[in-house]
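Morning, everyone. Please have a look at the structure on the screen, and then we will walk through it.

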Amino acid sequence: MQKARDVLTPDHLSMLQVIADSGSFAAAARQLGLVPSALTYRVRQIEDALDVLLFDRSARQARPTEAGVELLREGARLLNDVEAIAHRVRRVGTGWEPQLTLSIDGVISPTTVLELVEAFYALSPPTRLKLRDGILSGTLESLIAGHADLALGVAVSPGTVAGLQQESLGGMLFDFVVAPHHPLARGDEPLSDAELREHRVIAVADSAKKGGVTMGILGGQDVLTVDTMQAKVQALLRGLGGGFLPEPMARAHVAAGRLVVRAVARPARTVQLHYAWGGPGHSVPGRALQWWLEQLRKPATRRALLENHQPV
């Protein structure tokens, strides 16, 4: 006896749908160009392999049983999947990558990233997109480790990595901010390191699996560590500590009076951010990566990735 996987072919699933649509074996046989006995034999083979009855033959009409209805439903889904796979394979053959993974640092505007994703999907590409969150050196680590094809918001030096390429996104100013009810919201400015050290700082953990860096933390200072920039903002709004935020990310909260910018004695902190691609094992960019690189060459796109932050 044949196995289920041998009889559940696209041709057989299409044949069963024709029988259900036509309402009889005789009508389906005429439509398929078969003699009724040959069609009946093929259906029996499928029923024997599945050990179920697919059509009720008690009347002249061929009515699907409950099992038959379920097979037709799943069969239609599988046939659609087959068509979709064939379409994707044809498109991939034209130079599109099957999947493109972006490693995106927490300082990058998620709104702008999603606008770019929307524009990319408008091309109806066969490429699947995957977005990975990154923080500090972890953003670049994903690219170097081969887990991403493009890194946005790289804030650390890549050193010497074969095949890696990077271009500037621009500089991002970080302001020291606290909630209005935080003790550091009052008093003279600039705040010295000694004053900052007496209060908790909110920090986002580097997402790198190995090593990692820290920014804005003083030796001996109490630290509340969170996983995302969004969590850091929420902790700052609650007055759980102070911390440095990208000025565009803090802007709306400062304007609304939910956060207060405080001058500090240490030099103003502006971080140069980059986007990077390539690296070990990477080949010539496919059409999907080429599209993203074309967008990133536009000054307006780079500016929006740094500036277009919505309150969280």
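Let's start with a question: does E47 count as buried, partly exposed or exposed? E47 counts as buried, because its relative accessibility is 3%. Keep in mind that this is a predicted model.

Now, who is the partner of E47? R57 forms a salt bridge with E47. The closest N and O atoms of that pair are 3.1 Å apart. R57 sits in the loop between β1 (55–56) and β2 (63–64), and E47 sits in helix α4 (residues 36–50), so the pair ties together parts that are 10 residues apart in sequence. What about the exposure of R57? At 27% relative accessibility, R57 counts as partly exposed. Side chains of opposite charge can pair when their charged atoms come close.

How many salt bridges does the structure hold? The number is 10. Let me show you some others.

Take R77 and E74. Their closest N and O atoms are 2.8 Å apart, and they form a salt bridge. Both residues lie in helix α5 (residues 66–92). They are three residues apart, about one turn of the helix. R77 counts as partly exposed, because its relative accessibility is 41%. E74 is partly exposed too, at 29%.

Next, R200 and D222. Here the salt bridge runs N to O at 3.0 Å. R200 is in the loop between α8 and β7 (201–204), while D222 is in the loop between β7 and β8 (223–226), so this pair ties together parts that are 22 residues apart in sequence. R200 has 37% relative accessibility, so it counts as partly exposed. D222, at 41%, counts as partly exposed as well.

Let's zoom out to the domains. The protein is divided into domain 1 (4–77), domain 2 (95–170 + 275–307) and domain 3 (171–271). How far apart are the C-alpha centres of domain 2 and domain 3? The answer is 27 Å.

So what do these two domains share? On one side, 14 residues of domain 2 are in contact with 20 residues of domain 3. The size of an interface is often given as the accessible area lost when the parts come together. Domain 2 and domain 3 bury about 1400 Å² between them. Of that area, 59% is on carbon and sulfur atoms.

The interface also has polar links. Three residue pairs are in polar contact between domain 2 and domain 3. Across the interface the rule finds one salt bridge. E307 forms a salt bridge with R251, with the closest N and O atoms 2.8 Å apart. On the domain 2 side, α7 (137–144) and α12 (299–307) each supply at least two residues. Helix α7 gives the most, with four residues. That side of domain 2 divides into six nonpolar, six polar and two charged residues.

One last stop: H182. Where is it found? H182 is in the loop between β6 (164–178) and α8 (193–197). At 5% relative accessibility, H182 counts as buried. Its side chain reaches the backbone nitrogen of L184 at 3.0 Å. Leaving aside residues up to four places away in sequence, H182 touches H199, G239, G241 and G242.

Conventions
Residues are numbered from 1 along each chain as its sequence is written. This is a predicted model: local features need pLDDT of at least 70, side-chain atom pairs count only at pLDDT 80 or more; totals for chains, interfaces and linings use all residues. Side-chain values use heavy atoms; hydrogens and water are left out. Domain bounds come from an automatic or database domain assignment. Contact means heavy atoms within 4.5 Å. Buried area is the accessible area (1.4 Å probe) that two parts lose on being put together, summed over both. A salt bridge is a side-chain nitrogen of Lys or Arg within 4 Å of a carboxyl oxygen of Asp or Glu. A polar contact is a pair of N or O atoms within 3.5 Å; within protein, one must be able to donate a hydrogen and the other to accept it, and residues adjacent in sequence count only if both atoms are side-chain atoms. Ala, Val, Leu, Ile, Met, Phe, Trp, Tyr, Cys and Pro count as nonpolar, Asp, Glu, Lys and Arg as charged, and the others, Gly among them, as polar. Buried means under 20% relative accessible area, exposed over 50%, partly exposed in between (1.4 Å probe, protein chains only).
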